[in-house]
Amino acid sequence: MSWRRSCATALACEAAGEQFAELLVSGDVVLLSGQLGAGKTTFTKGVARGLGVKERVTSPTFTMVHEHRCHHASGIVTLHHADVYRVTSLAEVLDLAIGELVEESGVALVEWGELAASVFGRDVMTVRFEVDDDEVRTLEVSGALTIARGEAFDDWTGA
Ligand SMILES: Nc1ncnc2c1ncn2[C@@H]1O[C@H](COP(=O)(O)OP(=O)(O)OP(=O)(O)O)[C@@H](O)[C@H]1O
Ligand SMILES: [Mg+2]
């Protein structure tokens, strides 16, 4: 089962992220997959806004993980925003201990996470970004974590 949503502009992609934030629960690990410039960071900015993050969200390409304090009724306290594009081994991703980080009332969004899916050690969901042309992106959500949240994803698709 998967859910698709078309985003005609970067703003629309951010809005998709903001509404996606409402579907998240503490402990979630979300892998963001798609080519360079597909919109993974743009989407994450929206998620951060949805979770009440106040500071600016930038790409963690060089630092690998940014932590943002959330202010949201869901009880999610920390957004871990990772980018594993530059890692050269799975051991490096293991060292980030994303699965453990989210246990403390956190969620994680991992750009290029599909490259390291085997090391997260827990159920995940994936948002795949397809570039249709210069502007239009199609987002497709799938994965074990989505299963019990089908109705919410139906709403997200149609929003
Ligand atoms: N529909 C769209 N959705 C998302 N981004 C769009 C869209 N149309 C244009 N853009 C532009 O594409 C770029 C997406 O960049 P972004 O940093 O979000 O990509 P990324 O997937 O994180 O790339 P990287 O793999 O380098 O981290 C931005 O400059 C954004 O303004
Ligand atoms: Mg990025």
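Strands β2 and β6 pair in the parallel sense over four bridges. Two strands count as paired if DSSP finds at least two bridges between them. Helices (H or I, at least four residues) and strands (E, at least two) are DSSP runs, numbered from the N terminus. This is a predicted model: local features need pLDDT of at least 70, side-chain atom pairs count only at pLDDT 80 or more, and totals for chains, interfaces and linings use all residues. Residues are numbered from 1 along each chain as its sequence is written, and chains are lettered from A and ligands numbered from 1 in the order in which they are written.

**The sheet**

- Seven strands make an open sheet with mixed pairing, in the order β1-β7-β6-β2-β5-β4-β3.
- Its edge strands are β1 (2-7) and β3 (65-69), each of which pairs on one side only.
- On average, neighbouring strands are turned by 20° against each other, direction ignored. Axes are lines fitted to C-alpha atoms, for helices over the stretch in contact, and angles run from 0 to 180 degrees between N-to-C directions.

**Strand pairs**

- β6 and β7 pair in the antiparallel sense over six bridges. They form a hairpin with five residues between them.
- F129 has L139 in β7 as its bridge partner.
- β3 pairs with β4 (residues 78-83) in the antiparallel sense, over five bridges. Here H66 stands opposite H81 in β4.

**Helices on the sheet**

- α1 packs on the sheet and touches β1 and β7 (137-142); its direction makes about 145° with that of β1.
- α2 also packs on the sheet, touching β2 (29-33), β3, β4, β5 (106-111) and β6 (125-131). The direction of α2 makes about 165° with that of β5.
- Contact here means that the C-beta atoms of two residues, placed from the backbone, lie within 7 Å.

**α1 against α2**

- The two axes come within 6 Å and cross at roughly 45°.
- α1 and α2 are therefore oblique to each other. Angles under 35 degrees count as roughly parallel, over 145 as roughly antiparallel, 65 to 115 as roughly perpendicular and the rest as oblique.
- Residues in the contact include C13, E14 and F20 of α1 and T42, F43 and R49 of α2.
- The contact residues divide into eight nonpolar, six polar and four charged. Ala, Val, Leu, Ile, Met, Phe, Trp, Tyr, Cys and Pro count as nonpolar, Asp, Glu, Lys and Arg as charged, and the others, Gly among them, as polar.

**Around ligand 1**

- Ligand 1 is surrounded by 19 residues, and the closest are C13, G39, K40, T41 and T42. A residue is near a molecule if its C-beta atom, placed from the backbone, lies within 6 Å of it.
- The elements giving two or more residues to this shell are α1 (10-21) and α2 (40-50).
- By class, the shell has eight nonpolar, seven polar and four charged residues.
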